Amino acid sequence: MIKIIKSGYRKIYYHLPVMIRGVVSGNLYRWGIKPTVNKHVRSPFNRVMVTLSADFEMAWAFRFSKKSGNDAESIGLQERENVPEIIRQLDHYHIPVTWATVGHLFLEGCKRENGLPHSNMPRPDFFENKNWRFQEGDWYQHDPCSNYKEAPAWYAPDLVDMIMYAKAGHEIGCHTFSHTDFTYRNCSESLALAEIKECKKHAVERGVVLRSMVFAGGAAGNYETLKEEGFICYRYNGVYDIDIPFIDRFGLVAFPSSYCLGERGYNWNAATCFDVVKSHIAKAISYNSTCHLWFHPSMSPWYLKQVFPQLMKYLAELRDAGKIDILTMGEAAVKLKNSQKIVE
Ligand SMILES: [Zn+2]
Ligand SMILES: [Zn+2]
């Protein structure tokens with residue numbers, strides 16, 4: 001029943017003008033209707049578990065965007081500017097994050113071969129989904145085939161290094177190689193496998209083992225391939241805001257996402273933005289549940305300066321007071337599997 005109400009609410013909600021959405025959403029939080037909680041489950045963890053993930057994608061995520069005004073290159077550059085500051089704040093509060101990284105960002109550069117970027121990679125057929133429209137040209141048509149110094153919105157080996165060697169102990173996860181739709185409808189098994197293998201190839205060169213997946217654009221599927229390629233968990237959009245992760249029928253740990261940190265164009269002030277995130281943590285604590293916060297590192301500089309630091313401080317204080325644990329997705333997935341005596 002709640003599934004039907006929620007999907008109906010979402011359909012109406014996303015058709016409202018953005019400012020009205022902000023008012024509706026703000027009131028739902030004020031009245032305590034949001035965040036919603038799954039009250040019928042027991043957490044497998046002995047403490048309230050908070051996990052965080054970042055969709056580290058730069059220009060790749062916005063190439064085929066249906067949203068007008070989404071300029072891939074400038075969003076990529078904004079992300080490049082933000083990442084060192086995000087890492088600095090996370091180090092300061094010692095908060096680990098799973099950085100779901102588009103595989104192409106591992107590269108120092110790339111070249112055209114046989115007249116094509118990444119000629120070894122299969123391409124998706126033309127498709128359209130909620131966020132993107134790919135209906136002409138080549139899937140890699142925006143790839144500058146250059147290097148991270150000349151085209152810094154498309155490659156980020158320097159930022160990957162910063163993440164890997166940060167004090168906070170981050171995890172490098174996967175966000176596909178080319179930020180592609182992974183649904184069974186728009187991604188064949190061979191494309192999914194090639195995307196994963198390409199990510200793993202470049203990750204392994206840096207000594208990184210990929211085991212956590214965040215589907216690009218939330219377009220989820222090809223779970224069998226993930227499992228076969230050694231992944232142990234992924235993030236998904238669930239019915240409730242506050243819910244616990246579970247082991248799905250493929251043996252993968254599914255983390256329900258709770259809330260996306262960021263401004264959203266609602267014109268909320270910093271205090272409201274902060275209170276809304278706090279309400280998720282507070283509900284997770286009062287129901288002894290879990291909370292998964294995620295963000296786009298391309299978030300507005302305003303949010304990064306005015307909201308993000310106080311959130312990280314708040315999380316660190318709760319952790320230091322013994323009220324929550326903060327682990328990466330990979331660590332929390334292993335913990336969950338151990339609690340259920342599932343050894344691989
Ligand atoms: Zn390339
Ligand atoms: Zn993405």
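**Reading the fold and a helix pair**

Guide: Of the 344 residues of the protein, 41% count as buried. Please bear in mind that this is a predicted model.

Visitor: How many helices and strands does the protein have?

Guide: There are 10 helices and 14 strands in the protein. Along the principal axes, the C-alpha trace spans about 60 × 50 × 40 Å. A compact globule with 344 residues would have a radius of gyration near 20 Å, and the value of 19 Å for the protein agrees with this.

Visitor: How are two packed helices described?

Guide: Two packed helices are described by the angle between their axes and by the distance between those axes. Here, the axes of helix α3 (residues 72-93) and helix α4 (residues 157-164) come within 10 Å and cross at roughly 10°. Angles under 35 degrees count as roughly parallel, so α3 is roughly parallel to α4.

Visitor: Which residues make the contact of α3 with α4?

Guide: From α3 come R80, V83, P84 and I87, while α4 contributes L159, M162 and I163. These residues divide into 6 nonpolar, no polar and 1 charged.

Visitor: Which residues of α4 are buried, and where do they fall when seen down the axis of the helix?

Guide: The buried residues of α4 are L159, V160 and I163. Seen down the axis of α4, they fall within an arc of 105°, and therefore line one face of the helix.

Visitor: Against which elements do the buried residues of α4 pack?

Guide: They pack against α3, β2 (98-101) and β7 (171-174).

Key. Residues are numbered from 1 along each chain as its sequence is written. Chains are lettered from A and ligands numbered from 1 in the order in which they are written. This is a predicted model: local features need pLDDT of at least 70, side-chain atom pairs count only at pLDDT 80 or more; totals for chains, interfaces and linings use all residues. Axes are lines fitted to C-alpha atoms, for helices over the stretch in contact, and angles run from 0 to 180 degrees between N-to-C directions. Helices (H or I, at least four residues) and strands (E, at least two) are DSSP runs, numbered from the N terminus. Angles under 35 degrees count as roughly parallel, over 145 as roughly antiparallel, 65 to 115 as roughly perpendicular and the rest as oblique. Two residues are in contact if their C-beta atoms, placed from the backbone, lie within 7 Å. Ala, Val, Leu, Ile, Met, Phe, Trp, Tyr, Cys and Pro count as nonpolar, Asp, Glu, Lys and Arg as charged, and the others, Gly among them, as polar. A residue is buried if 20 or more other C-beta atoms lie within 10 Å of its own, exposed if 12 or fewer, and partly exposed in between; C-beta atoms are placed from the backbone. The arc is that of the directions from the helix axis to the C-beta atoms. The radius of gyration is taken over C-alpha atoms; the globule rule is 2.2 Å times the number of residues to the power 0.38.
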